[in-house]
Amino acid sequence: MGKVIVVTSGKGGVGKTTSTAALGAALAQRNERVVVVDFDVGLRNLDLVMGAERRVVYDLINVIQGEAKLSQALIRDKRLETLFLLPASQTRDKDNLTPEGVERVINELKRVFDWVICDSPAGIESGATLAMRHADVAVVVTNPEVSSVRDSDRIIGLLDAKTLKAERGERMEKHLLLTRYDSNRAERGDMLKVDDVLEILSIPLLGIIPESMDVLRASNIGSPVTLADARCAPAMAYFDAARRLAGESVPITVPNEKRGIFDKIFGRKAA
Amino acid sequence: MSILNLFRKQRSAPMARERLQVLLAHERASSNSDLVAVLREEILAVIAKHVEIDSDKVHIKIDRDENVSILEIDVEIPVAVAAEAA
């Protein structure tokens, strides 16, 4: 049986979709069978970030409503043959996302794939709670910024209350993925540090993704950053995070972008 | 530390950290029932039993600190009503 992961955050725009695509592609490059599922009904974007926007025929709602078979809705990645996408519907109402339907689809996917990665919509409404409901593991994507940290705290509360695992009295496994981190700014005291966020949210760290041009460049060309340029800093951070998800113990490193000329001259130390 | 640091603005990250810690301590404690909100409603209801409250004359302030919350309710009671009750 595959493992179900929810990528969630509460706040929008912190990097859920980017991280879903990057982690999915990183795991698929290990020859594991991966499906990334877009739960953001009405505002789908995972297809675009994956570069599959022109190949969407059927979506999650079609499968739930019985209008298409799961195998018809799954889109195989053109670059990695073990990576699949199940897109969200762009036109249907999100009320079509029923708890029973989601349960059936997730159970079916778990039988076929090693990893089922659910890209949650922002917010704490039904779309977000349904995306997390069947998860074995949650990846909480957070920016080092006050509103993102607050919303992550709220989401952590929901993960401990509204998931099947929590309702069965089991411990919900949660990991922090800190994105858009700028170690220079953190070192200067102008951005929350990794330890600040960890202390406030008190969940284990899955990885630190540096703020980087490479992330935007990858989404511009419609490729997960771990496929677009495997050697760039954010990609390497996602590869490490994927290995940790898979159970390997990889020491955490604070990714360090190139220092600016100003910092070089004045010799300010970066972490 | 560079001498330039002396002329820089105060660091903002420690403030972010402190504000979050205070805020989340309260939000976690009151996720199910917001005690301060309940108190506010009930106290106002009790006063309204005896005095007609003009909502423009009610000032409510809440200040949340690390260890305590302070709820201030300031109700103006007209002289006529106060004299009647006495």
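Chain A of this predicted model contains an open sheet of eight strands with mixed pairing, in the order β3-β4-β2-β5-β1-β6-β7-β8. Strands are DSSP runs of E of at least two residues and helices are runs of H or I of at least four, both numbered from the N terminus; two strands are taken to pair if DSSP finds at least two bridges between them. The edge strands of chain A, β3 (75-76) and β8 (205-210), each pair on one side only. Residues are numbered from 1 along each chain as its sequence is written, and chains are lettered from A and ligands numbered from 1 in the order in which they are written. In this predicted model, local features need pLDDT of at least 70 and side-chain atom pairs count only at pLDDT 80 or more, whereas totals for chains, interfaces and linings use all residues.

Strand β1 (residues 3-8) of chain A runs parallel to β6 (residues 137-142) of chain A, to which it is joined by four bridges; Val7(A) has Val139(A) as its bridge partner in β6(A). Helix α5 (residues 99-112) of chain A packs on the sheet, where it touches β1, β2 (34-38) and β5 (115-119) of chain A, and its direction makes about 145° with that of β5(A). Helix α13 (residues 233-245) of chain A also packs on the sheet, touching β7 (173-181) and β8 of chain A, at about 170° to the direction of β8(A). Such angles run from 0 to 180 degrees between N-to-C directions, with axes fitted to C-alpha atoms, for helices over the stretch in contact.

Ile75(A) is bridged to Leu85(A) in β4(A). Strand β4(A) also pairs with β2(A), in the parallel sense and over four bridges, and Val37(A) stands opposite Leu86(A). Both faces of β4 (residues 83-86) of chain A are covered, with Leu83(A) and Leu85(A) on one side and Phe84(A) and Leu86(A) on the other all buried (20 or more other C-beta atoms, placed from the backbone, within 10 Å of the residue's own).

Chain B has three helices and two strands, in the pattern α-α-β-β-α along the sequence. Buried residues make up 2% of its 86 residues. In chain B, 14 residues are in contact with 15 residues of chain A (C-beta atoms, placed from the backbone, within 7 Å).

The model scores ipTM 0.78 and pTM 0.84. Chain B averages a pLDDT of 78 (the predictor's confidence in each residue, from 0 to 100).

Definitions and conventions
Two residues are in contact if their C-beta atoms, placed from the backbone, lie within 7 Å. A residue is buried if 20 or more other C-beta atoms lie within 10 Å of its own, exposed if 12 or fewer, and partly exposed in between; C-beta atoms are placed from the backbone.
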